[in-house]
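Have the model open in your viewer, with the sequence panel beside it. We will go from stop to stop, selecting one group of residues at a time.

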Amino acid sequence: MNLKPGVGKTTSAVWLAHALHESGMSPLLVDGDPAASALRWSELANGFPFPVIALPVGDVHRRVNDFLGDRQAVVLDAPQLEDHPRIARSIMRYAGEWIVPVTPAPIELDRMAPIRGEMADVQSLRAEPARSAVLLNRTNRPDATRTGPDADAREALTERGFEVLDTHIARLDLYAQSFGNPVQAKGSAYMDFAEELIKRQDEA
């Protein structure tokens with residue numbers, strides 16, 4: 001989830017769902033964006049090896065379990081909060097972990113303050129608090145979040161109270177040009193992303 005479009009929410013959701021599938025889990029991918037990009041992606045790719053459903057409605061949190069069956073994970077692609085707040089907040093009410101993809105650029109970091117406010121508002125509606133973390137996306141080079149310029153973004157986010165995942169997604173054509181194509185997550189950073197989320201879930 002994020003306040004704005006174009007930050008890599010759908011790409012992250014689709015690749016994560018594939019990584020979970022390739023890890024031996026059976027995910028359900030829920031497309032909550034009225035633009036239905038994840039669903040269209042699956043159509044163009046002649047289907048994904050797991051179900052994809054469109055639920056661009058304001059009561060997603062009440063409906064998802066009707067489609068869950070024996071699925072072991074649910075990945076929800078939320079629309080941008082600024083344009084579709086009701087749908088995005090409903091997804092946040094359901095999801096146990098909120099992932100915020102953020103490009104390490106000043107304009108993106110500046111948008112994080114209102115996101116924190118949205119998180120606080122939705123947490124108050126939940127029976128149990130959700131976990132939340134930032135996924136640094138489109139980083140400048142593989143080591144950038146530790147020793148390069150993106151380390152500043154990691155530090156700035158941490159100082160503002162955000163938990164930043166160890167995994168980061170490099171700026172690669174492999175991801176940027178993947179829309180509409182079949183996805184193979186093995187060997188990609190999204191496998192690391194999935195493993196980190198599974199570990200967080202186990203620890204919780």
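A word first on burial: a residue is called buried under 20% relative accessible area, exposed over 50% and partly exposed in between, with a 1.4 Å probe and protein chains only. The model is predicted, so local features need pLDDT of at least 70 and side-chain atom pairs count only at pLDDT 80 or more, while totals for chains, interfaces and linings use all residues. Residues are numbered from 1 along each chain as its sequence is written, and side-chain values use heavy atoms, leaving out hydrogens and water.

**Stop 1: A153**

Select A153, which sits in helix α9. Helices (H or I, at least four residues) and strands (E, at least two) are DSSP runs numbered from the N terminus. Is A153 buried or exposed? Its relative accessibility is 4%, so A153 counts as buried. Leaving aside residues up to four places away in sequence, A153 touches P104 and L109; contact means heavy atoms within 4.5 Å.

**Stop 2**

Select β4, β5 and β6. They form an open sheet with parallel pairing, in the order β4-β5-β6; two strands pair if DSSP finds at least two bridges between them. Because β4 (97–102) and β6 (164–170) each have a single partner strand, they stand at the edges, and one side of each is left without a neighbour in the sheet. On average, neighbouring strands here are turned by 25° against each other, direction ignored. Axes are lines fitted to C-alpha atoms, for helices over the stretch in contact, and angles run from 0 to 180 degrees between N-to-C directions.

Strand β5 (residues 131–139) runs parallel to β6, joined to it by four bridges. Pick N137 and you will find I169 of β6 opposite. Helix α9 (residues 150–159) packs on this sheet, where it touches β5 and β6, and its direction makes about 150° with that of β6.

Stay in β5 for R138. Most residues other than glycine have a negative phi. R138 is not a glycine, yet its phi is positive, about 60°. With 29% relative accessibility, R138 counts as partly exposed.

**Stop 3: the other three-stranded sheet**

Move to β1, β2 and β3, an open sheet in the order β2-β1-β3, again with parallel pairing. Its edges are β2 (52–54) and β3 (73–77); each has a single partner strand, so one side of each lacks a neighbour in the sheet. Five bridges link β1 (residues 27–31) with β3, and V30 has L76 of β3 as its bridge partner.

**Stop 4: A36 and helix α2**

In the loop between β1 and α2, select A36. This residue has a positive phi of about 55° and, at 21% relative accessibility, counts as partly exposed.

Which residues of α2 (residues 37–44) are buried? They are A38, W41 and S42. Viewed down the axis of α2, they fall within an arc of 95°, so they line one face of the helix; the arc is that of the directions from the helix axis to the C-beta atoms. These buried residues pack against α1 (9–22), β1, β2 and β3. Just after α2, N46 has a positive phi of about 60°.
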